[in-house]
Amino acid sequence: MTIAFESLAERLQQTMQKIKGKGKVSEADVKEMAREVRLALLEADVNFKVVKQFVNRVKERAVGQEVMKSLTPGQQVIKVVNEELTALMGSEESKIETAPKPPTVIMMVGLQGAGKTTTTAKLANYLRKKKNRTPMLVAADIYRPAAIDQLNTLGKQLDMPVYSEGTDVSPVDIVKRGVEKAKEEHHDTVILDTAGRLHVDENLMDELKEMKASVNPDEILLVVDAMTGQDAVNVAEQFNELLEISGVVLTKLDGDTRGGAALSIRAVTEKPIKFAGMGEKIDQLEPFHPERMASRILGMGDVLSLIEKAQTNVDEEKAKELEAKLRNADLTFDDFLEQIDQVKSMGPLEDLLGMLPGANKMKGMKNMQVDDSQIGKVEAIVRSMTKQEKNEPKIINASRKRRIAKGSGTTVQDVNKLLKQFEDMKKMMKQMTSQMGGKAGKRKGKGGMQFPFMK
Amino acid sequence: MSFFKKLKDRVTNQTDSVTTKFKDGLQKTRDSFSEKMNTLAAKYRTVDEDFFEELEELLISADVGVNTVMELVDELREIAKLENVKNSADILPVISEKLTEKLDFTGDDSKLSMNADGMTVILFVGVNGVGKTTTIGKLAHHFKEQDKKVVLAAGDTFRAGAIEQLGVWGDRVGVDVIKQAEGSDPAAVMYDAIHAAKSRSADVLLCDTAGRLQNKVNLMKELEKVKRVIQREVPSAPHEVLLVLDATTGQNAMAQAKQFKEATDVSGIVLTKLDGTAKGGIVLAIRNELDIPVKFVGLGEKVDDLQPFDAEQFTYGLFQTLAEEK
């Protein structure tokens, strides 16, 4: 799995690398950089108008003015790009409004197939788990076959009430009675799942306006597929103009899309992206951190996200220990096993790896894919080692290898591969942590570096 | 412009209803695209760097894809230089000719390949939310109209409500749906469906699968397995593997096409949701870079709003205003 924005980061970094080596930025450099930035952003599906503005701002600021003594001109360009990117992405983490008089009404809108129904359930789960709210769901998609069944099934999975009236009633009436029902039953939050519709379908857009007028939502969230291309701007503009949305949920961000739509939507609506859908499971909805995303674009990694993630799933002490181990590259196979267990409970490995600084720069990490079935094999091999072997992998000689292979039901080649990869991984940890420490140094990724569980 | 005339003549000879449907569905595309082309010609009377830059942006805004656009614009630069074209109006026909060239006009591979002696099995693949189930419903209707016996296989056992959704389409169109419980093995559903369809002597079996992002290794392996099971039961099958693409998707559609092709040897594309403002320009890029033909386009929400792809119709729709003005 590749990480959203990874290729964008890579592209920018390549250009920056060229400039970084120089003591002085010439106008030709700025021009070349601007061209690279432009291409990268376009390839990432950022709307071409947004790209134009962005590149012009960077150019203006990069040439002349604001010269700082502490930075080389190359660093300064990077700083400018980072600042502009951060500014464009917005600078705040967003929250869900609370109505002064409950229930808080949240309306989900968007095109067909963006993921409204799934996001409705994910958001309800999130609000209950993290904010102690008691949501009720309302099934107002009467058009798509079995959309109500879908929400009902999700409601059952979550053990959460779903209000529905079938497909023969006007959605405007359904949401109105749904909100009344929520009030009667003392739910503090009610989430309305509406049908997907084209932003140019006047009748259906009017229907949304009527719904808005009748229930007066506290939040109107536009659900947008992160893979959307240039059209994202039209969609966001239209929904915002007609409904005045309060925020955006970006879905399918666990794909390998570069997600430039996020930048475009921010730029044209100036509404915050509040959440990101990061997987098919019901708990894979995360608050969207624009400032972290911007730093991720520039390859500075997302250590904060990693630590936060570790805190919710692993106890804090263990997380610190893990972090220290990562830093010191002081791994034994025992730690390794423990990490596999903990990491497994933290969610998909590729998510975590993507948050590590520099991970997207390593050769072989590009288009990285993690094969979960390999983890079992790795575990078996490690568990077939003696305590001493786990602590000092160096002592593993040919006959030990044969024994380990036999014990784990694998081959000597498998054992060799794991040992090699384990060493590579330790080296890489060292490289990454030295980068984190701010020392520029030589940071060449080893060619074809692989984690033991990568395909 | 002889090119446009030829195109127009050939298109007008075709059935009007299809043309109208195409025209309506592509209204948005055509309006904005050709409008911009004309504005471009008016704005830049001379062919210079500004003109090419604007052209680049126009094509990029249609999601054609950066590589394809750069390639195309470089070719045009070359032509303009060689033939000493100064007037922007003179280069417009060259632009459309180049575009249609890239779409590949031969069009032989844009027809569905059907099994001449026995049941035709079509497998549908794609990422989440592109419209696989809806497309199957529409295509079932399409085959039913041709008096074919159709059976549907509810292979999306993952997403909540997916089986019910296909069930509704089955009722609507009047065809049988073979299904198992949610969460069961999709390969097992296919096995069942093939035998059920055979015993009912069906002509066509349409196999739904769960949407999956192309970078999920395990899910792509599952899809490979589904295809293997189909192949084992009917050696010549699947006769088509159709990748369903959402026209609003940007550059990631290329990655989707690549990965799904690698896993399941995709034989064609269904481009859905072309009735919005999305330009569908990605068709060009995919044809150009991966040589996967588009077989159907989704032009609306109604059951008969799925149309066989016709490169000439498509191009005519894109350039209609231009064609009529010239």
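Modeller: Buried means under 20% relative accessible area, exposed means over 50%, and partly exposed lies in between (1.4 Å probe, protein chains only). This is a predicted model: local features need pLDDT of at least 70, side-chain atom pairs count only at pLDDT 80 or more, and totals for chains, interfaces and linings use all residues. Residues are numbered from 1 along each chain as its sequence is written, chains are lettered from A and ligands numbered from 1 in the order in which they are written, and side-chain values use heavy atoms, with hydrogens and water left out.

Biologist: Which residues cover the two faces of β4(B)?

Modeller: First, the label. Helices (H or I, at least four residues) and strands (E, at least two) are DSSP runs, numbered from the N terminus. In β4(B), Val204(B) and Leu206(B) lie on one side. Leu205(B) and Cys207(B) lie on the other. All four are buried, and both faces are covered.

Biologist: What share of chain B counts as buried?

Modeller: The figure is 60% of its 326 residues. Chain B still exposes about 12,700 Å², with carbon and sulfur atoms supplying 47% of that area (Shrake-Rupley method, 1.4 Å probe). Its secondary structure comes to 13 helices and eight strands.

Biologist: In which order do the strands of the open sheet in chain B stand?

Modeller: Two strands pair if DSSP finds at least two bridges between them. In chain B the order is β3-β2-β4-β1-β5-β6-β7-β8, with mixed pairing. The edge strands are β3 (176-178) and β8 (306-308) of chain B, each pairing on one side only. Ignoring direction, neighbouring strands of this sheet are turned by 25° against each other on average.

Biologist: Which way do β6 and β7 of chain B run, parallel or antiparallel?

Modeller: Parallel. Three bridges join β6(B), residues 268-272, to β7(B), residues 294-298. Val270(B) stands opposite Phe296(B) in β7(B).

Biologist: Where on the sheet does helix α10 of chain B pack?

Modeller: Contact means heavy atoms within 4.5 Å. Helix α10(B), residues 217-233, touches β1 (120-125), β4 (204-207) and β5 (240-246) of chain B. Its direction makes about 180° with that of β1(B). Axes are lines fitted to C-alpha atoms, for helices over the stretch in contact, and angles run from 0 to 180 degrees between N-to-C directions.

Biologist: How many bridges pair β1(B) with β4(B)?

Modeller: Four, in the parallel sense. Cys207(B) in β4(B) is the bridge partner of Leu123(B). Strand β2(B), residues 150-153, also pairs with β4(B) in the parallel sense over four bridges. There, Cys207(B) is the bridge partner of Ala153(B).

Biologist: At what angle do helices α6 and α12 of chain B cross?

Modeller: Roughly 60°. The axes of α6(B), residues 88-103, and α12(B), residues 282-290, come within 8 Å. That angle makes α6(B) oblique to α12(B). Angles under 35 degrees count as roughly parallel, over 145 as roughly antiparallel, 65 to 115 as roughly perpendicular, and the rest as oblique.

Biologist: Which residues meet between α6(B) and α12(B)?

Modeller: Leu99(B), Lys102(B) and Leu103(B) come from α6(B). They meet Val283(B), Leu284(B), Arg287(B) and Asn288(B) of α12(B). By class, this contact has four nonpolar, one polar and two charged residues. Here Ala, Val, Leu, Ile, Met, Phe, Trp, Tyr, Cys and Pro count as nonpolar, Asp, Glu, Lys and Arg as charged, and the others, Gly among them, as polar.

Biologist: Now chain A. Where is Val46(A) found?

Modeller: In the loop between α2 (27-43) and α3 (48-62) of chain A. Val46(A) counts as buried because its relative accessibility is 1%. Leaving out residues up to four places away in sequence, Val46(A) touches Leu41(A), Val51(A), Gln230(A), Gly260(A), Leu263(A) and Ser264(A). Val46(A) and Gln230(A) are 184 residues apart in sequence, but 6.8 Å apart in space, C-alpha to C-alpha.

Biologist: Why does Ala146(A) count as buried?

Modeller: Because its relative accessibility is 11%. Ala146(A) lies in the loop between β2 (135-140) and α6 (147-158) of chain A. Again leaving out residues up to four places away, Ala146(A) touches Gly161(B), Glu164(B), Gln165(B) and Val168(B).

Biologist: Which strands are the edges of the sheet in chain A?

Modeller: That open sheet has eight strands in the order β3-β2-β4-β1-β5-β6-β7-β8, with mixed pairing. Its edges are β3 (162-163) and β8 (285-287) of chain A. Inside the order, β5(A), residues 219-225, and β6(A), residues 247-251, pair in the parallel sense over five bridges. Val249(A) in β6(A) is the bridge partner of Val223(A).
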